[in-house]
Amino acid sequence: MIAACFPGKTTLPATLWAAISAALPARTALLRALPVILLAGLLALLFSGAPARAQDRDYPTLVALGLIKPLQTSQGMDSGVVYLDHESRGYLGEGILNVTLDTVVLKAGLRHVFSPALGLGYRLRYTGYVEGYGDDIYLDGTRLKEVSFYGNSLAGVLALNLFPEGLWRATLELERLKAAIRHTPETLPGAPTPSDFHQNSTRLILSREKLPGGKKARLAATLARGERQGLENWALDPDAEEHAVFNRAELIWNQPVEWLAQHRSTLKLSALGGSNLDLFSGFNVGGFAGNYSVAGYYRNEYRARQGVVLNLEQEFLFAEDRVLSILLDGARLRTLDLPYLRTSDPQDEQVALTGAGLGLYWGIRSLAGLPLIIRYGRALKIPAGSPESHRHEILVVLAAGF
């Protein structure tokens with residue numbers, strides 16, 4: 001959602017809060033192939049010709065500071081915004097360095113474009129507190145703080161890229177992750193929380209860049225298979241060991257449309273699905289700070305095994321640095337098949353969400369156009385049994401690109 005707040009060249013990448021997506025495990029055989037793939041990449045680096053040079057970004061470094069705050073609630077949680085995205089070139093093997101800090105998620109890695117048809121990347125990711133989003137567990141609008149937990153993790157990722165700068169791209173990612181779980185200050189003493197675990201993951205990402213409608217128009221499909229070791233059965237998931245192997249599929253279509261010089265629309269459609277998903281591998285929906293945003297709801301309030309999320313935004317440009325936005329979000333989800341969410345009626349496991357909001361992008365001209373972003377979102381449909389009859393939130397962010 002924050003990415004959409006930045007018109008023109010100041011658009012932040014759409015990775016804000018997406019970086020805390022749960023890592024998906026991979027097959028052991030693929031992990032054993034990592035040395036071979038690394039060797040192939042090294043040989044390609046040594047014997048390829050002059051590497052293809054990717055286009056420079058508009059701003060090498062992007063920074064954002066702010067707060068997302070649910071209003072008039074004892075259940076919703078505040079979310080800080082501390083965002084840094086840096087890209088620089090000229091490293092060994094024509095390497096491109098990317099460093100991203102997304103509040104409590106730090107990623108750093110190098111990627112190499114050997115030729116128009118081949119690229120290689122490798123990175124480390126540290127996640128503090130939010131692995132599994134154990135502080136965002138809700139049932140009918142009530143936060144289950146007694147069984148909350150913090151999750152820290154460290155992951156290494158190796159990526160093989162085909163046509164890395166082309167219109168059609170394919171990426172194979174292999175990941176090894178280790179997670180450590182601990183209680184929060186609100187966890188009930190003695191409450192069983194998840195155990196530490198390891199995950200292996202493999203992901204195949206297919207994308208079509210620069211669809212008709214603009215350079216930011218994109219269609220991407222991600223298929224993933226995972227294997228997890230060490231996670232024992234616990235309070236909210238007595239079948240955790242049966243969820244050790246799971247699959248995820250995700251299709252995201254991002255389509256901007258410019259109607260007139262002063263009017264611009266953006267459509268984002270996310271189709272989500274998977275099998276054998278749990279709190280660490282499912283899809284998290286809700287709020288500006290959610291992995292999949294529906295304005296107004298609590299952060300990651302809904303845990304889904306499949307669904308569709310639609311985000312529409314209409315922008316009215318009074319000037320390039322004066323933009324008013326109208327937001328309309330919707331989702332239809334099927335909740336995770338976990339005992340604490342399960343009911344006797346399968347229809348009760350299907351959830352429909354709608355939210356609306358207003359946004360303001362205001363360049364502070366006295367500060368060289370430093371952008372201030374303010375957004376207000378309100379949920380239009382409240383779940384039955386919720387202790388609070390409303391959901392609304394505000395986002396305030398000050399950003400810069402240099």
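Hi everyone, let's start with a pair of side chains: Arg143 and Asp135 are both buried. They form a salt bridge, with the closest N and O atoms 3.2 Å apart. Before I go on, please keep in mind that this is a predicted model.

Staying with charges, then. Side chains of opposite charge can pair when their charged atoms come close. The count here comes to 18 salt bridges. One of them is between Arg111 and Glu87, at 3.0 Å from N to O. Arg111 sits in strand S4, residues 105–115, and Glu87 in strand S2, residues 79–91, so this pair ties together parts that are 24 residues apart in sequence.

Arg203 belongs to strand S10 (residues 197–209) and Glu175 to strand S9 (residues 168–183), so the contact ties together parts that lie 28 residues apart in sequence. Arg203 is buried, with a relative accessible area of 12%, and Glu175 counts as buried at 1%. Which residues join these two in a network? Through salt bridges that share partners, Arg123, Arg125 and Glu173 join Glu175 and Arg203 in one network.

Now to another glutamate, Glu313, in strand S15, residues 302–319. Is Glu313 buried or exposed? With a relative accessible area of 8%, Glu313 is buried. Its side chain has a polar contact of 2.7 Å with the side chain of Arg375, and another of 3.0 Å with the side chain of Ser325.

Let's turn to the strand pairing around S1, which covers residues 61–70. S1 and S2 pair in the antiparallel sense over eight bridges, and there Ala64 has Tyr83 in S2 as its bridge partner. S1 also runs antiparallel to strand S19, residues 392–401, and nine bridges join the two. If you want a residue to look for, Lys69 has Ile394 in S19 as its bridge partner.

On to the aromatics. The structure holds seven aromatic pairs. Phe149 and Trp234 make an edge-to-face pair, 5.7 Å centre to centre, with 90° between the planes. Phe149 is in strand S8 (residues 149–162), while Trp234 is in the loop between strands S11 (218–229) and S12 (245–260), so the pair ties together parts 85 residues apart in sequence. Phe149 is buried at 0% relative accessible area, and Trp234 is buried at 6%.

Then there are Phe197 and Phe280: the ring centres are 4.9 Å apart and the planes stand at 70°, so this pair is edge-to-face. Phe197 is in strand S10 and Phe280 in the loop between strands S13 (263–275) and S14 (283–285), which puts the partners 83 residues apart. Phe197 counts as buried at 2% relative accessibility, and so does Phe280 at 1%. Ring pairs link Phe149, Phe197, Trp234 and Phe280 into a cluster.

Finally, a look at the surface. A nonpolar patch is formed there by Phe318, Leu324, Leu360, Trp362, Ile374 and Val396, with about 520 Å² of accessible area together. Leu324, in strand S16 (residues 322–335), counts as partly exposed at 31% relative accessibility.

Key
Residues are numbered from 1 along each chain as its sequence is written. This is a predicted model: local features need pLDDT of at least 70, side-chain atom pairs count only at pLDDT 80 or more; totals for chains, interfaces and linings use all residues. Side-chain values use heavy atoms; hydrogens and water are left out. Helices (H or I, at least four residues) and strands (E, at least two) are DSSP runs, numbered from the N terminus. Buried means under 20% relative accessible area, exposed over 50%, partly exposed in between (1.4 Å probe, protein chains only). A polar contact is a pair of N or O atoms within 3.5 Å; within protein, one must be able to donate a hydrogen and the other to accept it, and residues adjacent in sequence count only if both atoms are side-chain atoms. Patches are made of residues with over 30% relative accessible area and no salt bridge: like charges are joined within 9 Å, nonpolar side chains (Val, Leu, Ile, Met, Phe, Trp, Tyr) within 5 Å. Accessible areas come from the Shrake-Rupley method with a 1.4 Å probe; for residues, only the protein chains shown count as cover. A salt bridge is a side-chain nitrogen of Lys or Arg within 4 Å of a carboxyl oxygen of Asp or Glu. Two strands pair if DSSP finds at least two bridges between them. Rings of Phe, Tyr and Trp (its six-membered ring) pair if their centres lie within 6.5 Å; planes under 30 degrees apart count as stacked, over 60 as edge-to-face and the rest as tilted.
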